[in-house]
Amino acid sequence: MGTHVIKMPDIGEGIAEVELVKWYVAVGDEVGEDQTLADVMTDKAMVEIPSPVVGRVVALGGAPGQVLAVGAELIRLEVAGDGNVREASRPAPAEPAPAPAPAPKAEASKSEAAPAPRRPEPKAPRQDDRPASRPAPGSPPLASPAVRQHAWDLGIELRFVTGTGQGGRILHGDLEAYVQQRDAGLPPATGGGGLAKRSGEERIPLIGLRRKIAEKMQAAKRHIPHFTYVEEVDVTELEALRATLNQRWQGRRAHLTLLPFLARALVVAVRDFPQMNARFDEDSSTVTRYGAVHLGIATQGEQGLAVPVVRHAEALDLWGCAQEVARLATAVRGGKAGRDELSGSTLTISSLGPLGGIASTPIINHPEVAIIGVNRIVERPAFRNGLVVPRKLMNLSASFDHRLIDGQDAASFIQAVRQLLEQPATLFLE
């Protein structure tokens with residue numbers, strides 16, 4: 001048998017180090033060729049690291065949350081054959097030599113025939129089955145990440161579950177027993193049914209995408225003096241047009257949401273306000289204005305917020321934009337978005353759909369200079385031509401970099417967007 005060491009590969013783009021986010025294997029596991037071993041996070045995306053060989057895991061090169069340099073040892077496998085580790089790095093060959101040293105078989109006594117491995121070691125595991133010491137009162141429940149996720153999915157608070165594992169560790173079977181008791185109307189084994197005081201703490205380290213989000217948001221707020229401008233938009237006609245187009249092209253073209261219309265309005269508006277479609281380099285004090293509109297679409301995935309990019313939005317029609325937004329959202333939520341799909345935006349849209357609230361103060365996607373926040377659409381009475389009529393109204397909450405954009409320019413830009421949305425025919429006039 002030999003040893004095969006897998007090192008952190010060079011992912012490209014000048015990346016010198018990455019963060020180890022998740023292991024899919026543990027020491028002792030058998031792995032196959034091309035099996036995913038771990039997830040690592042660069043500044044731009046999550047990357048899966050596969051195994052190039054078949055083998056058994058001997059050692060892991062780090063813990064989730066640890067930053068590893070490119071070229072550092074990621075994992076060590078035991079493989080058939082020589083492996084890729086030089087003989088000098090293996091244990092000295094003198095160690096296996098004593099194996100043939102025992103006396104001839106005829107001279108071996110009965111006591112020698114029972115070497116150390118034959119000792120009654122199976123009794124040791126029985127200690128795991130004995131009632132082990134319980135966690136101290138007020139201490140966090142003991143459970144693996146998989147059990148914690150399972151409990152979350154079932155809506156169970158771990159502090160109410162009695163753990164039967166070593167040291168009071170909560171196992172999957174304990175969760176199932178708790179659910180059976182709960183469904184049967186029985187009080188939990190802890191006797192804590194009804195209202196009870198809660199205690200304990202759970203420390204959750206920020207790793208992977210969550211840490212990248214935190215760093216990016218902190219940098220944006222620290223470096224960019226934000227100001228937010230909120231305006232109400234009447235989208236009654238726009239919503240009627242959207243419904244008509246969806247009904248007419250149902251099943252033949254992509255379903256239209258509000259986003260493609262807003263994207264079109266931004267594309268048209270930045271023709272007169274090119275300073276909004278820009279990025280600012282603090283190091284060189286240079287603003288770069290772009291002819292192409294690469295729209296970032298803030299999207300919530302399982303791991304956190306990501307901003308995939310609709311490239312050349314100015315060249316897409318409504319359905320092309322809708323199809324690309326849907327494709328990118330699916331990629332983000334499935335954790336399959338690539339680095340190229342998550343970088344290079346020049347202007348960003350942030351929308352929470354029905355959860356959009358009345359107003360918001362979105363944080364600029366650094367190093368851009370503006371972000372457009374979309375709030376929810378509500379139907380309210382409004383005055384039109386002296387009459388009170390029902391209208392569909394929505395607020396736009398936009399934040400700007402005050403170092404580069406003055407309040408008057410920001411207000412004028414949003415007013416231009418508002419007029420385009422309120423008179424949707426003008427979106428398509430060239």
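**Figure 1. Strand S2 (17-23), strand S4 (36-41), strand S9 (226-234) and strand S13 (305-306) are among the elements that cover the buried residues of helix H4.** The model is predicted, so local features need pLDDT of at least 70 and side-chain atom pairs pLDDT 80 or more, whereas totals for chains, interfaces and linings use all residues. Residues are numbered from 1 along each chain as its sequence is written, and side-chain values use heavy atoms, without hydrogens and water. Helices (H or I, at least four residues) and strands (E, at least two) are DSSP runs numbered from the N terminus. The buried residues of H4 are Gly208, Ile213, Ala219 and Ala220 (buried: under 20% relative accessible area; exposed: over 50%; partly exposed: in between; 1.4 Å probe, protein chains only). They lie on the same side of H4, because the arc they cover around the axis is only 135 degrees (taken from the directions from the helix axis to the C-beta atoms). Gln218 and Arg222, both exposed, sit on the face of H4 turned away from its buried side. H4 (residues 208-223) has 16 residues and should span 22 Å at 1.5 Å a residue; the 23 Å between its end C-alpha atoms agrees with this (expected span: 1.5 Å times one less than the number of residues).

**Figure 2. Strand S2 has antiparallel partners in S7 and S4.** S2 is largely enclosed by the rest of the structure, because five of its seven residues are buried. Three bridges link S2 to strand S7 (residues 67-69), where Glu19 has Val67 as its bridge partner. Four bridges link S2 to S4, and here Lys22 has Asp39 as its bridge partner. Two strands count as paired if DSSP finds at least two bridges between them.

**Figure 3. Strand S17 pairs with S9 and with S16.** Between S9 and S17 (residues 387-401) there are nine bridges in the antiparallel sense, and Leu396 of S17 is the bridge partner of Glu231. S17 also pairs with strand S16 (residues 370-384), again in the antiparallel sense, over 13 bridges. Within S17, Ala398 stands opposite Ile372. The hairpin of S16 and S17 has two residues between the strands, and Asn385 in this hairpin takes a positive phi near 55 degrees.

**Figure 4. Strands S1, S8, S6 and S3 form an open sheet in that order.** The pairing in this four-stranded sheet is antiparallel. Strand S1 (2-7) and strand S3 (30-31) are the edge strands, each pairing on one side only. S3 is joined by two bridges to strand S6 (residues 55-60), and the two strands run antiparallel. Arg56 in S6 is the bridge partner of Glu30.

**Figure 5. Ser51 lies in the loop between strand S5 (46-50) and S6.** Ser51 counts as buried because its relative accessibility is 1%.

**Figure 6. Leu266, Leu295, Phe400, Phe413 and Val417 touch the most other members of the largest nonpolar core.** This core has 50 residues, and its largest share, ten residues, comes from helix H6 (residues 258-269). A nonpolar core is a set of buried Ala, Val, Leu, Ile, Met, Phe, Trp, Tyr and Cys residues joined through side-chain atoms within 4.5 Å. Leu295 is in contact with Ala263, Leu266, Pro308, Val309, Val310, Ala313, Ser345, Leu347 and Ile349, leaving aside neighbours within four places in sequence. Ile6, Ala38, Val40 and Val53 are included in a second, separate core of 21 residues.

**Figure 7. Ala143 occupies the loop between helix H1 (126-129) and helix H2 (145-154).** With a relative accessible area of 11%, Ala143 is buried. Apart from residues up to four places away in sequence, Ala143 touches Arg148, Leu158, Arg169 and Ile170. The C-alpha atoms of Ala143 and His172 are 9.2 Å apart, with a separation of 29 residues in sequence.

**Figure 8. The protein as a whole has eight helices and 17 strands.** Of its 430 residues, 37% count as buried. Among contacts between residues at least 6 apart in sequence, 64% join residues at least 24 apart.

Note on methods
Contact means heavy atoms within 4.5 Å.
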